[in-house]
Amino acid sequence: MLITKYLKRRWRIWQTIIAAISLLFITVAINLLLIQNYFSLQGKTTLLSNALLTIQSIHNQLYFLFPLISATYLLLFIKPIPLEFFWLTKRKQLVSYLSHFVLICLGLLIASIFLANLGLVVLVRPRIDNFSSVLPALVKLLIHLLSWYLILFALFLLSIRYNKLIALMGMAFFLIVDDLLFATLHFSLFLTNGLAFPSTYPMLSILSGGCLYLAYYLLARQWLKKSAPIIPHAKQKLLQLVLRNWLLFWHYNRLRLGIISLFTIALCLIYRLQGFDAGILLHGVLQNGAGFNISFTWLYLVLSPSLIIGNSIRILVRRDYLQVAAIDYRIYLFSLYFLLLPIVLSQWFPIWLLLNGPRYWPFLLVFLIVTYLFTVFAALIQIYLGSIPALLVMLTIFILTTANNQLPLSSLLMFARYQVTNWPTQIIWLILFIILLGVLTIEVKHINFANAQEERS
């Protein structure tokens with residue numbers, strides 16, 4: 001599908017309403033600034049010179065125009081979902097996608113400037129410029145619009161990498177620091193090179209500003225190329241598939257991964273400060289005479305990988321697999337199993353590093369393997385049943401583990417049970433469990449993908 005058709009399908013009526021409202025607000029703001037500047041100079045400026053002095057004022061840019069135009073752009077900009085970002089990058093249409101929204105905002109800015117000056121002509125009737133002064137004014141206006149292109153390009157990159165609010169705050173902070181730099185050293189990295197002009201602006205600065213813009217643009221393109229979700233020259237389809245799935249997997253899980261990993265690290269640090277080690281943390285059930293007490297710390301640690309992946313595997317299979325359906329579904333699933341290993345390791349490494357892990361290396365190695373297999377099991381269950389039922393199944397298994405001393409495999413996750421393990425029996429159960437995972441993997445082919453588009457992240 002052509003990028004233009006793709007964008008037309010994404011555009012909604014509410015965005016048209018926002019564009020119309022923004023045009024009104026920006027026009028009114030520029031018109032008021034034009035009138036204020038005209039009367040502050042006692043009507044000694046012409047129409048074009050007054051317009052340039054107004055829109056390229058550092059004060060006006062920082063306090064009025066930048067907030068209005070940037071907010072308009074971020075409201076109109078439709079952030080592509082990870083899958084769309086992948087295909088836009090793969091087909092080298094990401095710049096076209098950006099340019100569509102940038103040109104809309106620049107068109108709104110140009111229309112606002114024109115309408116505001118038209119209102120100024122009607123209200124105060126300023127002097128019209130000579131024909132000889134029109135060309136230099138248009139050159140300065142072009143540099144100004146080019147500056148806005150760079151700002152919107154930077155907002156695009158930041159909003160893709162983080163989110164729209166962080167993008168707006170980051171650009172605002174950069175411009176404020178740049179203004180302070182100009183006020184103290186009379187040198188600006190960006191602000192006075194076209195976006196806003198100082199009172200005396202030599203024509204030589206236009207050339208230097210153009211070179212600076214070119215350097216910024218090349219740096220942004222290089223940064224974008226490095227953050228692309230594919231390797232352009234990779235010849236192995238499996239590697240490209242893993243990279244593509246890792247990008248989607250990361251976008252679906254990064255928030256949960258960050259929060260749960262920080263909680264796990266904090267938990268390990270607390271145990272270390274209390275003088276405990278991995279054997280205490282993963283001791284498991286606490287016998288209390290004929291009864292027992294459930295260790296909620298142990299329960300959290302064995303469930304944490306399932307909590308991190310949420311419903312991402314279900315989405316990656318039921319919705320995102322259709323985009324690469326030419327690849328065998330078993331290869332696709334195994335690429336997802338590979339991505340589950342870093343999730344398990346993210347919860348395992350803090351225990352190993354902070355709680356005297358080398359002392360318990362046989363147990364922790366078994367703990368890692370069994371936890372990974374149960375995480376794969378949880379991922380497969382959620383493909384069939386959904387994320388909440390899968391989590392309930394895993395919670396049931398681990399609660400039953402606390403009540404039954406001989407429950408196969410899951411008992412190996414407790415240090416108290418590991419020390420009295422019947423290894424021949426556990427190895428047989430391990431083989432049977434791997435066979436079960438293989439059967440569940442094969443049966444995925446019977447899933448009905450007709451309602452795949454209903455899956456949501």
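In helix H17, the residues Ala390, Met394, Phe398, Thr401 and Thr402 are buried (buried means under 20% relative accessible area, exposed over 50%, and partly exposed in between, with a 1.4 Å probe and protein chains only). These residues cover an arc of only 120° around the axis, which puts them on the same side of H17; the arc is that of the directions from the helix axis to the C-beta atoms. The face turned away from the buried side of H17 carries the exposed residues Ile388, Leu392 and Ala403. Helices are DSSP runs of H or I with at least four residues, numbered from the N terminus.

The model is predicted, so local features need pLDDT of at least 70 and side-chain atom pairs count only at pLDDT 80 or more, whereas totals for chains, interfaces and linings use all residues. Residues are numbered from 1 along each chain as its sequence is written, and side-chain values use heavy atoms, with hydrogens and water left out.

The expected span of a helix is 1.5 Å times one less than its number of residues. Helix H2 (residues 13-40) has 28 residues and reaches 41 Å from its first C-alpha to its last, close to the expected 40 Å.

The structure holds 2 salt bridges, a salt bridge being a side-chain nitrogen of Lys or Arg within 4 Å of a carboxyl oxygen of Asp or Glu. Side chains of opposite charge can pair when their charged atoms come close. Arg359 lies in the loop between helix H15 (329-354) and helix H16 (361-385), and Asp277 in the loop between helix H11 (237-273) and helix H12 (278-281), so the pair ties together parts that are 82 residues apart in sequence. Arg359 is exposed, with a relative accessible area of 57%, whereas Asp277 is buried at 14%. Arg319 forms a salt bridge with Asp320, and their closest N and O atoms are 3.1 Å apart. Arg319 is buried at 11% relative accessibility, and Asp320 is buried at 0%.

The count of disulfides comes to 0, where a disulfide is a pair of cysteine sulfur atoms within 2.5 Å. Cys105 is buried, with a relative accessible area of 3%, and Cys268 is buried at 0%.

Most residues other than glycine have a negative phi. Arg125, in the loop between helix H6 (94-124) and H7, has a positive phi near 50°. Arg125 is exposed at 69% relative accessibility. In the loop between H17 and helix H18 (415-418), Leu409 has a positive phi near 65°. Leu409 is buried at 5% relative accessibility. Gln42, which follows H2, also has a positive phi, near 60°.

Phe153 is placed in helix H7 (residues 134-161) and is buried at 2% relative accessibility. The C-alpha atoms of Phe153 and Leu98 are separated by 7.3 Å, although the two residues are 55 residues apart along the chain. Ile431 is placed in helix H19 (residues 423-442) and is partly exposed at 48% relative accessibility.

Definitions and conventions
Helix = DSSP H or I, 4+ residues; strand = E, 2+ residues; numbered from the N terminus.
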